[in-house]
Amino acid sequence: MIHLFDWLALLVFFTSWVVYTRYASREAKRRHSLSSIMHHFRVDWMHRLLRRENRVSDMSAVGNLERNSAFFASSCLFVVAGLITVLAASEQVVRLLNDISFVQPGTKALWEAKVGVLVAIYVYAFLSFTWSMRQFGFLSVMIGSAPTPSETIPDSVKKDFSVHTAKVMDLAGKQFNLGLRAVYFSLAVIGWFLGPLWFVVLTSVIIGVLYRREFRSTTLKELVRARGLDPNQDINLGKSAEE
């Protein structure tokens, strides 16, 4: 049997996740954030790429980004496999956990619900990472088809190519961020094994960590300064990866 407090904690968890994702997407359009400032670096990258004959370093950089997504995608598969294996031994695990003083005593149904939530989160993360991989693959093709400096192509066409190629990179980065955010939120589910109150507390902690890193981190300030902007002044940076 699953108690009412557990259902409420689970509702708070998913609601917080959705609300924060929408909040981060909206805020990235009007203030400095990692996603919004990186959009401009990506546009600059694509503009400079069109001025180079040799794009080997650019392809290598995109390959590194794609490998990051591949690493997390494969890791998610291992986690899902491990969780399913643990589900097969639910009765033994429940008896073991009930003997631990600081873990919330529960039934087999409650334990399976907790593991099931973790499985769902990592499946979602896997889908996000694999879609990010595919988009980085598309980006590699676009870079391979980029016009060379010696070609007589109108500047307006080159500008459009740079903007839209950067947008594809933004979309790939967004999917990677969504997958990584899912991994962060999966850590909050650990609190559910201690009790519904700890579940809510850890969810709040995860949101605080994500907010701090995306909107208030030292890394963000240095990235903004690298663009010649004031990190303490919120201005409209235009369309970002979170759009």
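The following legends describe close-up views of one predicted model.

In this predicted model, local features need pLDDT of at least 70 and side-chain atom pairs count only at pLDDT 80 or more, while totals for chains, interfaces and linings use all residues. Residues are numbered from 1 along each chain as its sequence is written, and side-chain values use heavy atoms, with hydrogens and water left out.

**View 1. A nonpolar patch on the surface includes Trp 7.** Leu 4, Phe 5, Trp 7, Leu 8 and Leu 11 make up the patch, and together they have about 590 Å² of accessible area. Such areas come from the Shrake-Rupley method with a 1.4 Å probe, and for residues only the protein chains shown count as cover. A patch is made of residues with over 30% relative accessible area and no salt bridge; like charges are joined within 9 Å, and nonpolar side chains (Val, Leu, Ile, Met, Phe, Trp, Tyr) within 5 Å. Trp 7 belongs to helix H1, which spans residues 4–27. Helices (H or I, at least four residues) and strands (E, at least two) are DSSP runs, numbered from the N terminus. With a relative accessible area of 48%, Trp 7 is partly exposed. Buried means under 20% relative accessible area, exposed over 50%, and partly exposed in between (1.4 Å probe, protein chains only).

**View 2. The largest pocket holds about 720 Å³ of space.** Its lining has 26 residues, of which Leu 34, Arg 42, Phe 176, Asn 177 and Leu 180 are the closest to the centre. Two or more lining residues come from each of helices H2 (34–49), H3 (56–87), H6 (155–188), H8 (196–215) and H9 (218–226). H6 gives the largest share, seven residues. A pocket is found on a 1 Å grid over the protein atoms alone, as an open set of points where a 1.4 Å probe fits, with protein on both sides within 12 Å along at least five of seven lines; lining residues have an atom within 4 Å of a point. Grid points are joined across faces, edges and corners, and the volume is the space filled by probe spheres set on the points. By class, the lining has 13 nonpolar, eight polar and five charged residues. Here Ala, Val, Leu, Ile, Met, Phe, Trp, Tyr, Cys and Pro count as nonpolar, Asp, Glu, Lys and Arg as charged, and the others, Gly among them, as polar.

**View 3. A salt bridge joins Asp 170 and Arg 42.** The closest N and O atoms of this pair are 2.7 Å apart. Asp 170 in helix H6 and Arg 42 in helix H2 are 128 residues apart, and the pair links distant parts of the chain. Both partners are buried: Asp 170 has 0% relative accessibility, and Arg 42 has a relative accessible area of 15%. A salt bridge is a side-chain nitrogen of Lys or Arg within 4 Å of a carboxyl oxygen of Asp or Glu. By this rule the count comes to seven salt bridges.

**View 4. Asp 44 and Arg 227 meet through their side chains in a salt bridge.** The N to O distance is 2.2 Å. Asp 44 lies in helix H2 and Arg 227 in the segment after H9, so the pair ties together parts that are 183 residues apart in sequence. Asp 44 is partly exposed at 23% relative accessibility, as is Arg 227 at 30%.

**View 5. Glu 27, Arg 30 and Arg 31 form one network of salt bridges that share partners.** Within this view, the side chains of Arg 30 and Glu 27 meet at 2.9 Å, N to O. Arg 30 is partly exposed, at 47% relative accessibility, whereas Glu 27 is buried, with a relative accessible area of 3%.
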